[in-house]
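Please keep the sequence and the 3D view open while reading.

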Amino acid sequence: MEKLRYERPVLKKLETNMPNKFGLRTEYVPKTHIDGVAVKDLIKEYGSPLFVISESTIRKTYKDAKKAFTTRYPKVQFAWSYKTNYLGAVCNVFHQEGSWAEVVSGFEYDKAILNGVDGSKIIFNGPDKTEEDLEKAIKNESIIHIDHLDELYSIIELTDKLKKKPKVAIRVNMDTGIYPMWDRFGFNYENGQAWDALNKIMRSDKLELVGLHCHIGTFMLTAQAYGTAAFKMADLALGVKKKYNHDIKYIDMGGGFASKNTLKGSYLPGDDTNPTFDDFAEAITSALINSDFEPDNLPMLVLETGRALIDDAGFLLGTVISNKRSSAGKRTTIIDIGVNILFTSFWYDHKISPAQPFTHYTEDTTLYGPLCMNIDVIRESISLPLLNKGDNFVIHHVGAYNMTQWMQFITLRPKVVMIDEKGKAYVIRENETIERIIAMEKVPDHLKEFEL
Ligand SMILES: *Cc1c(COP(=O)(O)O)cnc(C)c1O
């Protein structure tokens with residue numbers, strides 16, 4: 001028998017970061033490929049850092065979500081939440097799957113139109129719709145979700161000018177047992193604001209009230225809140241039917257379903273504990289089915305799920321810049337991914353896997369980004385095998401919000417690549433260049449020259 005090689009014992013210092021009774025979890029499997037494409041090849045070809053989106057994961061996640069709802073309820077329509085990820089290629093995968101567009105600004109509205117979405121399949125949310133935005137939406141027969149009374153009055157005013165009967169819904173906020181309550185958008189259910197808006201719409205006779213909308217929070221960790229919300233929405237719709245003999249065509253339950261990410265401070269990985277599409281679907285559809293709607297006249301159920309549909313399809317590939325020890329002796333690793341491109345690292349403990357094989361030795365590590373800023377921390381504490389300069393790694397579940405909330409700060413934003421269902425990679429967004437940034441700037445003549 002060959003003599004085993006001696007490896008020195010390692011003293012492990014306990015770092016305090018929310019240990020739980022199972023200890024801190026370590027990722028033991030390297031992530032070497034995404035949909036059959038080698039991570040190292042992707043970085044060689046497109047650079048590091050690099051966002052990678054898996055088309056087949058989007059389609060599979062979408063189909064799972066759709067199935068959870070359509071097996072429980074007869075009429076279901078998804079509307080893709082643009083602000084969650086409005087890259088054209090990403091939106092169009094959802095549109096190919098049958099999703100409408102859900103937008104919250106004039107910019108997003110125009111983007112949906114440019115993507116080729118028919119105006120009547122665009123749901124227009126948000127508190128800031130300009131007169132021009134509203135006019136465009138009315139002409140295109142889009143559905144306007146009214147956020148406040150000033151908007152309602154603007155729309156009523158526009159109807160005279162445009163000679164059209166706009167399709168509208170109101171956004172309703174309510175107490176669902178989740179605090180702090182999201183009550184800044186729309187009209188409150190409990191204090192009568194929602195009824196006030198509904199009465200104003202029904203009595204004006206200039207608008208077509210087609211739906212009711214709510215969006216009760218984001219990254220919701222309990223499905224029951226949606227049951228409560230759906231019950232209150234049904235109550236409003238039934239009230240409108242009773243008072244005005246008017247059918248509400250759809251109830252829109254917004255977005256907010258949790259993805260598989262792990263919120264900071266959680267004891268267990270989100271993968272294991274967050275509610276599933278089935279949990280959310282069960283809560284919502286049973287509330288609607290058990291309400292007093294006539295069984296063959298149920299309103300359509302609209303879902304604006306964002307995060308939970310795209311998070312898992314997004315990966316962020318990166319490279320180790322250097323290793324150091326903190327003053328207290330803790331291992332710190334500097335990587336080429338900063339909080340400017342990974343916004344969600346502020347609230348998630350992102351799962352991170354090395355992209356090459358490693359030994360079983362792990363050490364509690366702090367992962368710092370490349371920015372010259374103290375806040376640039378990607379993971380405060382993560383048990384990782386030793387990564388050396390030049391090693392690669394993959395950050396998981398980054399598809400939601402990062403490619404819209406990222407900012408150009410200190411470094412330039414990287415390319416985004418999509419891998420199609422056959423394993424072919426396409427650049428779906430180019431990296432930023434200094435030329436593009438400078439092209440937007442103007443230096444006044446008197447500031448063009450200087451001597452040092
Ligand atoms: C942001 C947003 C969504 C999507 O929310 P997720 O938490 O990403 O699912 C849906 N509807 C509205 C009105 C929103 O503002």
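**Overall fold**

The model is a predicted one. The protein contains 13 helices and 20 strands. Its C-alpha trace spans about 85 × 65 × 45 Å along the principal axes. The radius of gyration is 25 Å, which agrees with the value near 22 Å that a compact globule of 452 residues would have.

Of the 452 residues in the protein, 53% are buried. Among contacts with a separation of 6 or more, 69% are made by residues 24 or more positions apart.

**Ligand site**

Which residues come nearest to the ligand? Out of the 16 residues around the ligand, these are Lys83, Thr218, Gly256, Glu304 and Tyr401. By type, the shell around the ligand holds 10 polar residues, 5 charged residues and 1 nonpolar residue.

| Residue | Protein atom | Ligand atom | Distance |
|---|---|---|---|
| Tyrosine 401 | polar side-chain atom | oxygen | 2.5 Å |
| Arginine 307 | backbone N or O atom | oxygen | 2.8 Å |
| Glycine 306 | polar backbone atom | oxygen | 2.9 Å |

The ligand taken alone exposes 390 Å², and the protein buries 95% of that area.

**Helix 2 and glutamate 55**

Helix 2 covers residues 55-70, and glutamate 55 is found in it. Is glutamate 55 buried or exposed? Its relative accessibility is 11%, and residues under 20% count as buried, so glutamate 55 counts as buried.

The side chain of glutamate 55 makes a polar contact of 3.0 Å with the side chain of arginine 59. Leaving aside residues up to four places away in sequence, glutamate 55 touches Asp35, Val93, Met418, Ile419, Asp420 and Glu421.

**Helix 3**

One of the residues touched by glutamate 55 is Val93, and Val93 is among the buried residues of helix 3. Helix 3 runs over residues 88-96, where Val90, Cys91, Phe94 and His95 are also buried. Just after helix 3, glycine 98 takes a positive phi of about 110°.

Note on methods:
Residues numbered from 1 in each chain as written. Predicted model: local features only at pLDDT ≥ 70, side-chain atom pairs only at ≥ 80, totals over all residues. Heavy atoms only, no water. Near = heavy atom within 4 Å. Polar contact = N/O pair within 3.5 Å; in protein donor to acceptor, adjacent residues only side chain to side chain. Areas by Shrake-Rupley, 256 points an atom, 1.4 Å probe, with all protein chains shown as cover. Nonpolar A, V, L, I, M, F, W, Y, C, P; charged D, E, K, R; others polar. Helix = DSSP H or I, 4+ residues; strand = E, 2+ residues; numbered from the N terminus. Rg over C-alpha atoms; globule rule 2.2 N^0.38 Å. Buried < 20%, exposed > 50% of the residue type's maximum accessible area, 1.4 Å probe, protein only. Contact = heavy atoms within 4.5 Å.
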